[in-house]
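Hi,

Here is the structure we talked about. Please open it and keep it beside you while you read my notes below.

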Amino acid sequence: MAALCLGSVASGALAQAQPEPPPPQTDTTMVKEPVAEPAPSPKQAKAEEPKHSPQNAGGIPLSTIETDNQLLLYFDPVQTYLTPYVARAVENALEWHKKRWQWEPWDRTTVLLKDFGDFGNAAARASPNNGIMLDVAPLTQRMETFTPGERFFTLINHELTHVATLDAYNSHDASWRRLLGGKPMPIQEHPESILYNYLTTPRNNIPRWYAEGSAVFFETWMAGGLGRAQGGYDEMVFRAKVRDNDKLYSPLGLESEGINVDFQIGANDYLYGTRFFSYLALTYGPDKVLLWLRRDEQSDGFYASQFHRVFGKKLDDAWSDWHAFERQFQQANLAKLSAYPLTEVQHLSPQGLGSMSRGFVDERNNQLIAAFRYPGKVGFVGTMDLATGKLRPLVDLKGMMLYFVTSLAYDPDSRKAFYVNDNRAYRDLLEVDVDTGKKRMLLKDARIGDIVVNPRDKSIWGIRHQNGYATIVRIPPPYAGFNQIHTFDYGITPFDLDISPDGTLISASYGEVNGIQSVRVWNLQSFEQGNGPDEVARLDLPPSTPEGFTFAPDGKSLYGTSYYTGVSNVFHFDIASKKYDVLSNASTGFFRPMLRPDGKLLVYEYTGEGLTPSLIKPEVKNDLGTVEFLGTRVVNTHPELKEWGVGSPAKVDLDALIKKRDMYHATERMKLSAAYPIVEGYKRDPTFGYYFHFEDPLQFHQLDAAFSVSPFGGIRDKERIHADIEYRSLDWKLRYWHNDADIYDLAGPVLRSRKGDAVIISYDKAKIYDPPRQLNVFGSIAGYWGLEQLPSAQNIASPKNIYSGELGIRYTNTRQSLGGVDHEKGFQGRIVGGVDMARDRLYPHLYGGADYGIALPWPNSSVWIYGSAGFAAGEPESPLGAYYFGSFRNNYVDNRPEKRYRELESFPGFDIDQIGARQFGKLTGELNLPPVRFEEIGAPAFFLSYARPALFAGTMMLGSPEKRNYHLYNIGAQVDLGFTVVMRLPMVFSVGVAHGFGDKDIDGQTEWMASLKIL
């Protein structure tokens, strides 16, 4: 089987990609607090702590390590063992980027280590400051969608590429940064900031495929060739598109449609971007790619203009050239594969099902039990009839993963499926009866996944992630708690657990810190007795990641898949002989094989619509064709890429670089991050002024100050000066305004500007934070002086001075499917009580609401009911003793939600504040039709993405001193056009119409609305 060998990683380059990881965890019996590197004695560790008492940053205590290049923040002591290695990796990558890009960072990079989720991830930014956030949990490597190896090495190389490309500047940009006080972020309150952001960070205004494609390209070659630019999954995606004659998106179509309607959503930016950058490097050379990305003195700020300058052609033309090349390249690969007989495939589903979890066959009902996630339907655990392909949802999922949805296990005796929610947060373990659909929570925030049922004693085994470590755990019936069985050393990532039918063996895919992957089979009893791993057999298929291996019904062998030939094929591994056979020759890829009683294999075949349950006949293959990876051709054509390896972070002398160790005090680190001229509106007249923004690097504390003057119009002298100052922490806000001005008063009927002064203290705290389920407690106290209109009702005269207090709770739990643009099912509720005081009299009020929605059979469509009711007390003659309703309440240009007809004070078809009542009940029904998607309307800097139509009708029952009870009604429609400005800033243009009617003394009307929502 010589043909099975494939050198998909550049020859000689991989040696540069092996970083030295943090020291291993030596205790393997339970999770303990890890030690630092090098491991100090307890006395030494204590001596290195800050000498002052630790404070916290808004309730989040963080320790710091500071160098000239970075501010590293972490939780001590649980993350202390990671900090020396992470800090070295940051310094190592920064120095490489500075030399390669000819770039000096504008400011120090803030790096935050966090453990708020069970799977690793990372993020970066360069505005308003340079920053990286790193999750310490292991990364998922299923389907080889991420690079094996030391995760922080890869993540830091990737994220610092973002920082370098986004922060890139020349003397022109630097002048604007000095003039505008830094690198302003685009914010709704001052839309001028969109322009200022472009002037200071022009390369921050790029499509996501540009950002992610460049980062993956550099991540790969900085690691000596180990990365997604040479990944089997990426090759499979485009090979499948060419085989199935699927659409290849243009740059515009990718961002307007591709990342929204495809099951891979935003991952398409990584896939397309990486291929395009690899094609450019192959065709024009890596130096040209660098020149495009750099911000040299003579370069153009706009990325597309700079592309034309560097490559001598329009970006769209080069993209089309890549499409032609890609089709030819993949047709050649398909021809290599078909030189040997391809495995015949019988699809069991009439459509591709996007992402799927591990499946189990229910022999009683001839159905596949799995988790499914595809566009137009909220992800669910359910069944698929193997004869008809019909799907039956059992229970909705939340917190799903892109490629494997969730961890799933099944006990055929109890007919219970066990599954995991909140995969991106702290994982919950639940069960569902596959016959009745009845579900039950077993363990909340247990952080356990990769679950499997031990057939012998019905215990559930799984892998728990915490503090960067992976631990095998056992959950005995009745599943009320778990035992930690074995903690692996740092960098060891086991996944895809399985247990043999007799309960004597346990297997797992096994990733090591140096990038080596294998399948391990262990004696289960050794784990149960606390003796750790007792290896029975091992399958190595370098350089690929063998995955999805499960025991055959006789327990003597395993079936799984691997990209060993560059294509994901089915492998059979005999435990006793430790030999393997290849059982398929796929043209795209097979995953998750399950042996059927008739000897066939149920597999998931990869198609353009995602995974498709299928049947194949296994046949031992002694000869197979291999595929060429695009990355391999790139490095063979341009061997200079072999010199791009960043090398091991171990060479960095960190001790010599450290300037300070401390605790993170957010208020002490606040500094000016933006200062720029603004335009606002006061009583529909323009005002001109300046805005200042101060914040700490993590934005725990922020201070905004806007000052402006009204030079025109009939504004009285004492009202010409305007000020708005707000201080924010994580939960609290303190705001003062004087003659409050607002830019959106210049464009529309709704006025927010108010004469007078106000001091407002508000609080908003999440008491339950389990997205999408969240419960917030909020409240405020305020004092207003010198008012003319009520703070919340522009057409109602106000007492001059008002003092108010309010307290409420708000709950939300809504879901949205892939391809949707709004919530599609779920519940929202709120209740608010408060009291106003004016002229020594009190005016209590209480109101609440509940919203409920269900998804319709059409993709991304729903029906919602929005209900609310309330009453106000106090003197009936006072304006404070009533609620006020009417109108859409959208300005022509606005920063509030576009569907304002859902909100409490809105009632389209009547004038603003036309309806007043001391008691009210309000009900609005809404039908959201499927959004219409657009692919090629616009240009890269400005394009239309969707049109979302909705119909609504409402009724109100009201009571007031003048009229005891009366009813009003309305009916209307609204269409929202979603589009994107400067590549990444979302905006919505809405048009609507409504007619109000129902009471002869309150005139309804036909109301038209047009509104542009900023950001």
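**A buried asparagine**

Start with asparagine 585, which is buried at a relative accessible area of 1%. Keep in mind that this is a predicted model. Where is asparagine 585 found? Look in the loop between strand E27 (579-582) and strand E28 (590-595). Its side chain has a polar atom 3.2 Å from the backbone oxygen of tyrosine 340. Tyr340 is also among the residues that asparagine 585 touches, leaving out those up to four places away in sequence. Others include Leu337, Pro341, Asn569 and Lys621. Asparagine 585 counts as buried because its 1% falls under the 20% cut-off.

Leu337 is one of the buried residues in H12. Leu315, Trp319, Trp322 and Phe329 are also among them.

Now find helix H3, residues 151-167. Its 17 residues span 24 Å, close to the 24 Å expected. How many residues of H3 are buried? The count is 17 of the 17, so H3 is largely enclosed by the rest of the structure. Glutamate 150 caps the N-terminal end of H3. One of its side-chain oxygens lies 3.0 Å from the backbone nitrogen of phenylalanine 152.

**The nonpolar core**

Phe152 turns up again in the largest nonpolar core. That core has 121 residues. Phe152 is among those with the most contacts inside it, and so are Leu134, Trp209, Tyr233, Phe276, Trp292 and Tyr606. As background, nonpolar side chains tend to be buried together in soluble globular proteins.

Take a look around tryptophan 292. Setting aside neighbours within four places in sequence, tryptophan 292 is in contact with Trp209 and Phe276, among others. Its contacts also include Arg203, Gln306 and Leu315.

**A hairpin**

Next, go to strand E12, residues 408-411. Leu408 and Tyr410 point one way, while Ala409 and Asp411 point the other way. All of these are buried. In a regular strand, side chains alternate between the two faces of the sheet. E12 runs antiparallel to strand E13 (residues 416-421), and 4 bridges join them. Alanine 409 has phenylalanine 418 as its bridge partner in E13. The two strands form a hairpin with 4 residues between them. In the turn, arginine 415 has a positive phi of about 60°.

**Salt bridges**

How many salt bridges does a search of the whole structure find? It finds 74.

- Lysine 660 and aspartate 662 meet at 3.4 Å, N to O. Lysine 660 is partly exposed at 40% relative accessibility, whereas aspartate 662 is buried at 10%.
- Arginine 889 pairs with aspartate 913, with the closest N and O atoms 2.8 Å apart. The pair links distant parts of the chain, 24 residues apart. Both arginine 889 and aspartate 913 are buried.
- Lysine 899 and aspartate 976 meet at 3.2 Å, N to O. Lysine 899 lies in the loop between E46 and E47 and aspartate 976 in strand E52, so the pair ties together parts that are 77 residues apart in sequence. Both residues are buried.

The last pair belongs to one network of salt bridges that share partners. Asp822, Glu898, Arg902, Glu926 and Arg948 are joined in it too.

Best wishes

Definitions and conventions
Residues numbered from 1 in each chain as written. Predicted model: local features only at pLDDT ≥ 70, side-chain atom pairs only at ≥ 80, totals over all residues. Heavy atoms only, no water. Core = buried A, V, L, I, M, F, W, Y, C linked by side-chain atoms within 4.5 Å. Buried < 20%, exposed > 50% of the residue type's maximum accessible area, 1.4 Å probe, protein only. Contact = heavy atoms within 4.5 Å. Polar contact = N/O pair within 3.5 Å; in protein donor to acceptor, adjacent residues only side chain to side chain. Pairing = 2+ DSSP bridges. Salt bridge = Lys/Arg side-chain N within 4 Å of Asp/Glu carboxyl O. Expected span 1.5 Å × (residues − 1).
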